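This report goes through the sheets, the relation between the chains, the cavities and some backbone features of one model. Please read it with the structure open.

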Number of protein chains: 2
Amino acid sequence: MSEIPYKIYLNEKEMPNAWYNVRADMKKKPAPLLNPQTLKPMTAGELEAVFCGELVKQELDNTNQYTEIPSEILDFYKMYRPSPLIRAYFLEKELKTPAKIYYKFEGNNTSGSHKLNSAIAQAYYAKKQGLKGVTTETGAGQWGTALSMACGFFGLDCRVYMVKCSYEQKPFRREVMRTYGASVTPSPSDTTQVGRKILSEHPNTSGSLGCAISEAVEAATNTDGYRYVLGSVLNQVMLHQSIIGLESKIALEKYGIKPDIIIGCAGGGSNLGGLIAPFMGEKLRGEADYRFIAVEPASCPSLTRGKFAYDYCDTGMVCPLSKMYTLGAEFMPSANHAGGLRYHGMSPILSQLYDDKLLEAVSVDQTSVFEAAVKFARVEGTLPAPESSHAIKAAMDEALKCKETGEAKTILFGLTGTGYFDMYAYQKYNDRQMTDYIPTDAELQESLSRLPKVG
Amino acid sequence: MSEIPYKIYLNEKEMPNAWYNVRADMKKKPAPLLNPQTLKPMTAGELEAVFCGELVKQELDNTNQYTEIPSEILDFYKMYRPSPLIRAYFLEKELKTPAKIYYKFEGNNTSGSHKLNSAIAQAYYAKKQGLKGVTTETGAGQWGTALSMACGFFGLDCRVYMVKCSYEQKPFRREVMRTYGASVTPSPSDTTQVGRKILSEHPNTSGSLGCAISEAVEAATNTDGYRYVLGSVLNQVMLHQSIIGLESKIALEKYGIKPDIIIGCAGGGSNLGGLIAPFMGEKLRGEADYRFIAVEPASCPSLTRGKFAYDYCDTGMVCPLSKMYTLGAEFMPSANHAGGLRYHGMSPILSQLYDDKLLEAVSVDQTSVFEAAVKFARVEGTLPAPESSHAIKAAMDEALKCKETGEAKTILFGLTGTGYFDMYAYQKYNDRQMTDYIPTDAELQESLSRLPKVG
């Protein structure tokens, strides 16, 4: 094997101590959030009814390049960061590609994914503000688990609204959250007005992420000493997740490596946004060039087939509106889509970068994603999360192109997490019962026709 | 925080390249395995009908201190080793103890435990010998998963007999094995004579580890090009697991740290045996002194309440007899015991060391183990396996003794794995439905009265 080790770790002194805010270097800034009633930009005061004060500042900060990471968060990082940057020697050998493949693996923590990076930051600021607790929603459960761990650490109450079908199908995820002290409520529930309304209209619904968001926001705004936290999409989340890209960049630079292509899966965009942030900064400042590729499921293709427009972040339409690539707040991916990344919209930052053609996007079929996942698991050891496997698939495709052209490109992708709690989906694949579903143009048009009329 | 980092990693050059065989330094060697028919020591030839040739050599080698680790295994190690040695700063703070607590964490791989260390070695030697595949049994599923990963890597067929109740209660474990290409059969099954016999006598049995072992051995010996592999108890397994202790020792020595107490959970003994091996070597050679503590469940107390005698390794009594601390091959821990470590016997090496008073043993109650596990999870982040949590409980007890005496002892314990596939047990604990069960003296006498008469 080469001189570059299989895993590159940073020591504690090499670790970044500030998050990077890509908005500071963007010429076109992401559009502001709009108040769902007035359709005017949300003021800091309005946002503070929902979010912690410090996080509102970060949400609205389009100018500061760096935000110092509080020492309490740096301490917590020591438990699970730096995450390893891994040279995929075995995968390269399997593919017989001249490409050099690296992946940044964020799954080595109990929440099993990169979500902990923003959970610990949001829990910290909530604690610092003297709050009693926070509310949130979770679908697959990665975000809820991460937030439970972070709140457990700071002794903060954590109330999770978990999409009912996940609550029932993923009892283990639920138990991890409970073990960390969180209370978990299946959504829709009778604990909120919006939940009761949905239950009365659709008594047999298995819930949706948008509905769980609406419940969590209502619960936070109606309970003294509580605020709402969200694990993706928001600008503040992209800021916290920049730790992924910053560590990756330092690790690569230690060995004089410059990636040609940087690839991440994209649901709400938090992993991709974090991974590419400092590299995109260089590109925006004209200091270096990279290809960035967002990979999304063909069954929920917000960048590749959605519209760049203002839309609600949640089904209940209680949250602010965000200008983003969206399939429409009422879009529901097919039930047979098991691979995560089910959100109808996309981070406003990534949406703007994509609209400015600074970022590419591809969509991939579910069965090809699981095929790539199983191949990856067998040669690289780690069983990847279905979400992460979208990036694996795209990275393998790029590496195979290199095999054809003979180019020895350097590919970096984000392996956001492990698939240990996604074995129902793997079972479907192992039993050859997994199918692909791609929404028709008519379906998308139907959903997009109901976008709110703004400006 | 102190200058000692939260995590100590070794770089590739610092990694051990030979396993350490503690038998070489033992004055009293572990007793040989006996042929179950003749009750005479098993010859290499007899063992080779069941095990790979190279592994038989390792099994019988009582003299060589070091065995070189093949480069293919060192390559595989790069995927998941070195495992981190972690300073439990947060746990120390929580306990307000002057003790310094370190743990060696073996759970950062998809099998979720230290079992992969021996799985990769056994799969490698099987492949090298030109075999088509291997058979094994698995209970909780850690060993089966580890072996599936190892066989998947080398393209070796892997047939796992999984205790029926685990097969049904842990479908996700089963799917991980299948994803790595293994075939998984619930045991008892109708694919073996011994399985059919047990099924005809006990048609509703939920299976046992001893029964699954019998089936796996029969399947291996009756199939051309197959051998049987076992994940604990055997001398060869202790050899492979010495990597845990070797890495720990190098990592500690980098910072000039000498542990006072070394603690590990003990079921069959593979983790404890591996963790303590090089330290025990120093003690045996009179170069240093350490306290070693084996921690076992009060419901399956082979060291603390068993007998040091020859016994069958499996319920079906087809395997060789081993001289070990045992509760009797027919001993079954209470069904309410959820915390792993259910094996009736103990590694012959550890048994001999314990009999020679070189090793202490304690037993702990299940609910106190889960209490310690949850506390650990909340402050140290990682959700531990129930098995590992026995060591956590004992380490916390020792740290609290230090708090009383004011001594700043250095404690090292083995955190063998993660609890992600054990959430049924955590759920019981979270719902306060977990109870303790300690076998009565009469029960143990009954089981021990049926030990085979040897010598």
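## Terms and basis

Two strands are said to pair if DSSP finds at least two bridges between them. Strands (E, at least two residues) and helices (H or I, at least four residues) are DSSP runs, numbered from the N terminus.

This is a predicted model, in which local features need pLDDT of at least 70 and side-chain atom pairs count only at pLDDT 80 or more, while totals for chains, interfaces and linings use all residues; side-chain values use heavy atoms, with hydrogens and water left out. Residues are numbered from 1 along each chain as its sequence is written, and chains are lettered from A and ligands numbered from 1 in the order in which they are written.

## Four-stranded sheet of chain B

In chain B, four strands make an open sheet with parallel pairing, in the order β8-β7-β6-β9. β8 and β9 (226-228) of chain B are the edge strands, each pairing on one side only. From one strand to the next the twist averages 25 degrees.

Three bridges join β6 (residues 133-138) of chain B to β9(B) in the parallel sense. Within β9(B), Tyr228(B) is the residue opposite Thr135(B). Helix α10 (residues 209-221) of chain B lies across β6, β7 (157-163), β8 and β9 of chain B, and runs at about 170 degrees to β6(B). Such angles run from 0 to 180 degrees between N-to-C directions, with axes being lines fitted to C-alpha atoms, for helices over the stretch in contact. Contact means heavy atoms within 4.5 Å.

## Seven-stranded sheet of chain A

Chain A has an open sheet of seven strands with mixed pairing, ordered β1-β4-β5-β15-β10-β11-β14. At its edges stand β1 (7-8) and β14 (360-364) of chain A; each has a single partner strand, so one side of each is left without a neighbour in the sheet.

β10 (residues 261-265) and β15 (residues 410-415) of chain A are paired in the parallel sense over three bridges. Here Ile263(A) is opposite Phe413(A) of β15(A). Helix α11 (residues 235-254) of chain A packs on the sheet and touches β1, β4 (85-87), β5 and β15 of chain A; its direction is at about 140 degrees to that of β5(A). Helix α12 (residues 270-284) of chain A also packs on the sheet, where it touches β5, β10, β11 (291-297) and β15 of chain A, with its direction at about 155 degrees to that of β10(A).

## Relation between the chains

Two copies of a chain are related by a rotation about an axis and a shift along it. Here chain A is superposed on chain B by a rotation of 180 degrees with 0.0 Å of shift along the axis (RMSD 0.0 Å). That is the relation of a two-fold axis. In chain A, Asn108(A) has the C-alpha nearest the axis, 3.1 Å from it. The superposition is by least squares on the C-alpha atoms of residues with pLDDT of at least 70 in both copies.

Of the interface residues of chain A, 100% are also interface residues in chain B, so the copies meet through the same surface.

## Cavities

A cavity is a set of points, on a 1 Å grid over the protein atoms alone, where a 1.4 Å probe fits but cannot get out; lining residues have an atom within 4 Å of a point. Grid points are joined across faces, edges and corners, and a volume is the space filled by probe spheres set on the points. The count is 16 cavities of 30 Å³ or more.

The largest cavity has a volume of about 240 Å³. Its lining has 25 residues, and Phe105(A), Asn108(A), Thr382(A), Asn108(B) and Asn109(B) lie nearest its centre. β5 (100-105) of chain A and α3 (71-80) of chain B are the elements that give two or more residues to this lining; α3(B) gives the most, with three residues. The second largest cavity has a volume of about 160 Å³. Among its 19 lining residues, Met79(A), Tyr80(A), Asn108(A), Asn109(A) and Thr382(B) are the closest to its centre.

## Backbone features

The peptide bond from Ser187(A) to Pro188(A) is cis, with omega near 5 degrees. Pro188(A) is in the loop between β8 (183-187) and α9 (193-201) of chain A. In chain B, a cis peptide bond joins Ser187(B) and Pro188(B), with omega about 5 degrees.

Lys357(A), a residue other than glycine, has a positive phi near 60 degrees. Lys357(A) lies in the loop between α14 (348-355) and β14 of chain A.

Note on methods. On a 1 Å grid over the protein atoms alone, a cavity is a set of points where a 1.4 Å probe fits but cannot get out, and a pocket is an open set with protein on both sides within 12 Å along at least five of seven lines; lining residues have an atom within 4 Å of a point.
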